[in-house]
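The following questions and answers examine one protein model step by step. Please consult the sequence and the structure while reading.

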Amino acid sequence: MEFINEFIKDQKIGTQLLVNTVSKSTTSNGTYYLNVEFKDNSGTIYGKKWEPSDEDEAVLTMGNIVYVEGEVVIYKNNPQIKISSVTPLDAEEVDLSRFTKESPLSAEELDKKLHYFIDSVSDPLLRKTVTTAIDKYDSEFHNLPAGKNIHHDYRHGLITHVVSMCEIAEFLCKHYGDIDYDMLMSATLLHDIGKSKELEGEVTYSYTLEGKLLGHISLGEVIVSEAASEAGLSHDKATLLLHMILSHHGQLEFGSPVLPQTKEALLLSLIDSLDSKMAAVTKALDNIAPGDFTSKVFALDNRTFYNPKK
């Protein structure tokens with residue numbers, strides 16, 4: 001069975017795909033269709049099912065893995081599936097490895113790096129705050145993605161994002177000598193801890209009720225506040241740490257309820273933006289041939305990115 005990154009124009013396909021999103025649309029002449037985003041571990045592709053039956057709608061439900069038959073066409077310079085039929089699959093027919101994208105780093109390597117950075121925090125109460133929070137959500141922190149679609153959207157993606165940010169933070173602390181290393185590293189380790197309660201799933205990921213209604217920043221504030229209290233962290237240090245959790249998106253319009261107001265908080269927001277944006281553009285350029293452009297990247301102002309010829 002073919003993978004999405006192997007599809008070519010005019011190809012007849014018959015393969016297993018994960019239904020990532022579904023929306024209903026109608027053309028100007030009243031023709032009804034389903035616009036479906038399919039996914040496997042090689043990438044994503046949109047498909048259209050024209051005049052779908054009730055059974056088609058039932059099968060093409062977000063999170064289902066289905067057998068898709070159709071033809072690959074080009075629409076607005078991007079490949080798309082003209083769906084002829086979709087068939088539901090029993091669990092024993094599904095090869096889950098086709099849909100479980102992993103971090104480029106092994107789970108063992110990620111855990112080793114994580115504990116290196118935790119141990120590098122010299123303040124015992126800050127370090128205890130970090131370990132208390134992470135240990136409480138150990139499985140989720142290690143296994144969940146950092147997001148559903150934009151960046152690090154794969155198994156172990158959250159810890160991959162955190163470790164990458166810690167490496168950047170360690171480097172920048174050496175460059176800017178007056179940064180409070182312990183405070184920056186603790187906040188970096190904990191800045192997205194709320195995603196441990198925001199997302200759920202193993203192959204497909206969805207938002208929890210708390211995730212939808214509260215968001216990971218608010219959830220993270222509660223988790224870190226409880227951990228700081230349990231660790232006996234002083235009121236002033238807990239306040240500084242919580243400020244960094246609340247302000248790490250950098251701007252009010254990006255979901256932070258407050259703007260960064262310490263040097264460490266500002267640096268954390270810049271590191272988070274850098275790592276997430278570089279991951280987003282790396283994902284967009286994946287499987288783009290040298291000399292070609294990506295499709296528009298929503299997370300990066302709908303820009304297209306060029307893959308230079310070597």
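In what follows, an axis is a line fitted to C-alpha atoms, for helices over the stretch in contact, and angles run from 0 to 180 degrees between N-to-C directions. The model is predicted.

Q: How many helices and strands are there in the protein chain?
A: The secondary structure of the protein chain includes both kinds of element. The count is 11 helices and seven strands.

Q: What is the radius of gyration of the protein chain, and why does it agree with that of a compact globule?
A: The C-alpha atoms fill a box of roughly 65 × 45 × 40 Å along the principal axes. A compact globule of 310 residues would have a radius of gyration near 19 Å, and the value for the protein chain agrees with this, being 22 Å.

Q: Why are helix α3 and helix α6 described as roughly parallel?
A: Helix α3 covers residues 124-136 and helix α6 covers residues 181-190, and their axes lie 10 Å apart at an angle of about 5°. Angles under 35 degrees count as roughly parallel. Therefore α3 is, relative to α6, roughly parallel.

Q: Which residues make the contact of α3 with α6?
A: By class, this contact has seven nonpolar, two polar and one charged residues. From α3 come Leu126, Thr129, Val130, Ala133 and Ile134, and from α6 come Asp182, Met183, Ser186, Leu189 and Leu190.

Q: Which helix supplies the largest share of the lining of the second largest pocket?
A: This pocket has a volume of about 840 Å³. Of its 28 lining residues, the closest to the centre are Ile150, His151, His249, Phe254 and Ser276. Both α7 (195-198) and α11 (263-285) supply at least two lining residues. The largest share, seven residues, comes from α11.

Q: How do the residues of this pocket's lining divide by class?
A: The lining of the second largest pocket holds nonpolar, polar and charged residues. They number nine nonpolar, 11 polar and eight charged.

Notes
Residues are numbered from 1 along each chain as its sequence is written. This is a predicted model: local features need pLDDT of at least 70, side-chain atom pairs count only at pLDDT 80 or more; totals for chains, interfaces and linings use all residues. Side-chain values use heavy atoms; hydrogens and water are left out. Helices (H or I, at least four residues) and strands (E, at least two) are DSSP runs, numbered from the N terminus. Angles under 35 degrees count as roughly parallel, over 145 as roughly antiparallel, 65 to 115 as roughly perpendicular and the rest as oblique. Contact means heavy atoms within 4.5 Å. Ala, Val, Leu, Ile, Met, Phe, Trp, Tyr, Cys and Pro count as nonpolar, Asp, Glu, Lys and Arg as charged, and the others, Gly among them, as polar. On a 1 Å grid over the protein atoms alone, a cavity is a set of points where a 1.4 Å probe fits but cannot get out, and a pocket is an open set with protein on both sides within 12 Å along at least five of seven lines; lining residues have an atom within 4 Å of a point. Grid points are joined across faces, edges and corners, and a volume is the space filled by probe spheres set on the points. The radius of gyration is taken over C-alpha atoms; the globule rule is 2.2 Å times the number of residues to the power 0.38.
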